[in-house]
Amino acid sequence: MQKTDKTRTPVTLSNIKSRKKSGERITMLTAYDYSTAVLVDRAGVDMILVGDSLGMVILGYDSTVPVTMEDMLHHSAAVRRGVNRALVVGDMPFMSYQVSPEEAVRNAGRFIKEAGCHAVKLEGGMNIAKTIERIVRAGIPVMGHIGLTPQTATALGGFKVQGRDEESARRLIRDARAVAEAGAFSLVLECVPSGIASAITEDIPIPTIGIGAGAGCDGQVLVTNDLLGLFPKFVPKFVKKYADLAPVIQEAITRFIDEVSKGEFPGDAHSFKGGEDLAEKIIRDYGR
Ligand code: KIV
C-alpha cells in the first residue's frame, strides 16, 4: 500500500518543479469542499485542484461552461480552509480569462487574495500564452491545461482524445512549448495519446500532469469523485475507481430512513436522557 505523507511539510512550487529532475511522480486530486479537502490533504496528495469540474460533479450542470467566478471562489475558500500541506490550485472558469489579459490578471488575483489559493489553472495553448505571461508577471503561479479542454469542448468537436493526427499532434507540441515559455510551472495534458504525452513530457522543462495521457507524464490527476465511485453519471475510460462509495452511501441512507420509520433511531445511545420531571413541572405551571 502507498505510504501517506507524515511530515506535513507544505508542498512548495519549487518542490513541484524539482520533481521534473528527481523523477518523483506528482499526485493531484480535485476537491470542492472542506471535508473532502481535509481527507485528500491528510492522505498526502501533492496538489489539490479546485476544478471547474465542480460544475458537473457538485452543481449538476451538463458542462463546466456555466461555472462562475463566484462559484469557484466560494468552493476554493472552503477547500483552502481544509488544507495544511498540499498546494491548492484554483481553476479559472470559462470567460474569466479570455476577454482580456487585464481581466485575467484581476480574476487570477481574486483566487489568491479572496480564496487563499496558491496558484491558478487555465485552459489553452498558444492562444492564451500572452495571458499566462501577464498573470505570471503579476506574481501568480499558473498551471496550464491543453489537449481536451472541457471549456471549449464544443469547438474541439466534443469530448474526444486530442492529437491523433499529425496536424493536431504538432499543435499540441507547439501549445505545450508556448505554455512553458510563458512561465507556467506545470501543464495538465488531458486525453492525449500516451506516445504524444511522453514526447511532450520529455520536450518541455516543466512537469506534465496527465489525465487520460498515459504513464509517461511527470504526474497524474483525477477527479476525486470519480476515483471514489461517487459520480456514476459518466465514467471516462481513463478513470480508475479505487472505491465504490455510491452504493455504500445509498445503503446507509436507506437504513436511516428505515430505522426512523420504525422508531428505532434515535435510541438511548444517541439521545440526551432526562428532563421529564422538569417538563412536567413547567407544563403544570402553565396549566394544561
Ligand atoms: O476541472 C477539473 O477537474 C480539471 C481536471 C480534470 C484536470 O480540469
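Contact means heavy atoms within 4.5 Å. The model is predicted, and local features need pLDDT of at least 70, side-chain atom pairs count only at pLDDT 80 or more, while totals for chains, interfaces and linings use all residues. Residues are numbered from 1 along each chain as its sequence is written, and side-chain values use heavy atoms, with hydrogens and water left out.

**Exercise 1. The chain as a whole**

Task: state how many helices and strands the chain has, and how the strands are arranged.

Solution. Step 1: helices (H or I, at least four residues) and strands (E, at least two) are DSSP runs, numbered from the N terminus. Counted in this way, the chain has 11 helices and eight strands.

Step 2: two strands pair if DSSP finds at least two bridges between them. The eight strands close into a barrel in the order 1-2-3-4-5-6-7-8, with parallel pairing. From one strand to the next the twist averages 25°; axes here are lines fitted to C-alpha atoms, for helices over the stretch in contact, and angles run from 0 to 180 degrees between N-to-C directions.

Step 3: the C-alpha trace spans about 85 × 40 × 35 Å along its principal axes. Buried means under 20% relative accessible area, exposed over 50%, and partly exposed in between (1.4 Å probe, protein chains only). Of the 288 residues of the chain, 45% count as buried.

**Exercise 2. Pairs of strands in the barrel**

Task: find how many bridges join strand 3 to strand 4, and how many join strand 6 to strand 7.

Solution. Step 1: strand 3 (residues 87–91) and strand 4 (residues 119–121) run parallel and are joined by three bridges. Val-89 stands opposite Ala-119 in strand 4.

Step 2: strand 6 (residues 186–190) pairs with strand 7 in the parallel sense over four bridges. Here Glu-190 stands opposite Ile-211 in strand 7.

Step 3: look at the side chains of strand 7. In a regular strand the side chains alternate between the two faces of the sheet. In strand 7 (residues 208–211), Thr-208 and Gly-210 point one way, Ile-209 and Ile-211 point the other way, and all are buried.

**Exercise 3. Ala-197 and its surroundings**

Task: say where Ala-197 lies, and which residues it touches.

Solution. Step 1: Ala-197 is part of helix 8 (residues 194–203). With a relative accessible area of 0%, Ala-197 is buried.

Step 2: leaving aside residues up to four places away in sequence, Ala-197 touches Leu-189, Val-192, Ala-213 and Cys-217.

Step 3: Gly-163 is 34 residues from Ala-197 along the chain, and their C-alpha atoms are separated by 9.3 Å.

**Exercise 4. Two helix pairs**

Task: determine how helix 7 is set against helix 8, and how helix 5 is set against helix 6.

Solution. Step 1: helix 7 (residues 166–181) and helix 8 pack at about 30°, with axes 10 Å apart. Angles under 35 degrees count as roughly parallel, over 145 as roughly antiparallel, 65 to 115 as roughly perpendicular and the rest as oblique. Helix 7 is therefore roughly parallel to helix 8.

Step 2: the contact is made by Ala-169, Leu-172, Ile-173, Ala-176 and Arg-177 of helix 7 and by Ile-196, Ile-200 and Asp-203 of helix 8. These residues divide into six nonpolar, no polar and two charged. Ala, Val, Leu, Ile, Met, Phe, Trp, Tyr, Cys and Pro count as nonpolar, Asp, Glu, Lys and Arg as charged, and the others, Gly among them, as polar.

Step 3: the axes of helix 5 (residues 101–113) and helix 6 (residues 129–137) come within 9 Å and cross at roughly 45°. The two helices are therefore oblique to each other.

Step 4: Pro-101, Glu-102, Ala-104, Val-105 and Ala-108 in helix 5 meet Thr-131, Arg-134 and Ile-135 in helix 6. This contact divides into five nonpolar, one polar and two charged residues. Thr-131 is buried, with a relative accessible area of 8%.

**Exercise 5. Backbone details**

Task: locate Met-95 and Cys-191, and give the phi of Met-95 and of Cys-191.

Solution. Step 1: Met-95 lies in the loop between strand 3 and helix 5. Its phi is positive, about 75°, although Met-95 is not a glycine. At 43% relative accessibility, Met-95 counts as partly exposed.

Step 2: Cys-191 is found in the loop between strand 6 and helix 8. Its phi is near 50°, a positive value in a residue other than glycine. At 11% relative accessibility, Cys-191 counts as buried.
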